[in-house]
Amino acid sequence: MAELGSKGVTAGKIASNVQKKLTRAQEKVLQKLGKADETKDEQFEQCVQNFNKQLSEGTRLQKDLRTYLASVKAMHEASKKLTECLQEVYEPEWPGRDDTNKIAENNDLLWTDFHQKLVDQALLTMDTYLGQFPDIKSRIAKRGRKLVDYDSARHHFEALQTAKKKDETKIAKAEEELVKAQKVFEEMNVDLQEELPSLWNSRVGFYVNTFQSIAGLEENFHKEMSKLNQNLHDVLLGLDKQYSGNAFPVKAQPRKKTKLFARLRKKMSSDSTPAKANKSPSPPPDGSPITSPETKTVNHELEPSTLEAPGASIPKSPSQPAEAAHAGAEAAGSETAAGAEASKTEADSGSSSLPAVVVETFPATVNGTVEGGASSERADMPPGFLFKVQAMHDYTATDSDELQLKAGDVVLVIPFENPEEQDEGWLMGVKESDWIQHKELEQCRGVFPENFTERVQ
């Protein structure tokens, strides 16, 4: 009988809960349709919004903190493997072997301590902070249900009071249920009205303490790790001094052969072009004038002996009339015009043995510098000089257009004729000793790896 009674009570409770759910659902429908008013509390709704925001921020912070700890764990493992590798390659006869083993051991302990303190002072505190939210969230939801019950009881009581046929027994019972529902709702409402603002304000202190703890732990960790790294640096420096003769060979960055071949083709082409350009056509045997003069290319890289100061006159030859000199002077502004006018003058004069002399109207240059206006610092530098570098390692040229370098050689860096031909990590230049001796770029310049040198000027 007791068992049946217990089952009967359980069944009655289930039926009561079902009835409450139906009543609440009906009340919510009536409120949405505007047929029943709903009790509003804007201040409490604001507290609920703050609570949801605080919960969302805390959940994200917890997730990011776990990700941070996982990264620390991964870094610990990577650092451990790296130090194990160092211990394996460090040969027994090398100085500082015991020191490296001790450094590796301390490195592992330091990472372990850092990770554990982060768990204790940050992650566990974070878990405790978020642990209070589920209960409050459940109470907020329950308060909402009790508010619906209160509104439903209030509307039922009001309906019985305004009915045409009043039933005092039902009215009394409805009033009793209303008082009971109101009491339950107000008790929960008062507690939450006090807790929610307090919880919202506590977030400031929690965030401050959490990030201060993380920052402090990181600071101490990096200080101790810095000491270990300095110790390791000193040990390896001692090893380097003892075996300084076995220096690690520096390798040049590989070049792209397509650009190399293009540069070689251009160089071959440039070597053959001047010969054609400077060749003067000989007059026919019968002495007739040349009917198709060849257009000549004027080379601006003139020898110092052919350059004259601004305003100087053009020397005349017996076979060259004054008109030819005048035409050559007027053609100084354009290379193509100069060549064409010079050819025309030769054809008119009947002499092709002497090419027209072009006098530039701008200040004459010698070895890439402007006479009378250039600074003395670059007076002896090659054309387009950029800066100086000094070779730190020997470099053996592997192609004909590369410079052979010895440690200590000074190289004068100049720009590429075609910037598109410059490979990444390579520079164009001429060794300072070759430039001082020959003053010649075509035969002395070449490319070299930048990582074999350091800039000195």
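Helices here are DSSP runs of H or I with at least four residues, strands are E runs of at least two, and both get their numbers from the N terminus. The model is a predicted one, in which local features need pLDDT of at least 70 and side-chain atom pairs count only at pLDDT 80 or more, while totals for chains, interfaces and linings use all residues. Residues are numbered from 1 along each chain as its sequence is written, and side-chain values use heavy atoms, with hydrogens and water left out.

Two residues make handy examples. Glutamine 62 sits in helix 2, residues 42-89. With a relative accessible area of 17%, glutamine 62 falls under the 20% cut-off and so is buried. Leaving aside residues up to four places away in sequence, glutamine 62 touches Met126, Asp127 and Leu130.

Glutamate 187, by contrast, belongs to helix 5, which covers residues 168-242. Its relative accessible area is 46%, between the 20% and 50% limits, so glutamate 187 is partly exposed.

Note on methods. Buried means under 20% relative accessible area, exposed over 50%, partly exposed in between (1.4 Å probe, protein chains only). Contact means heavy atoms within 4.5 Å.
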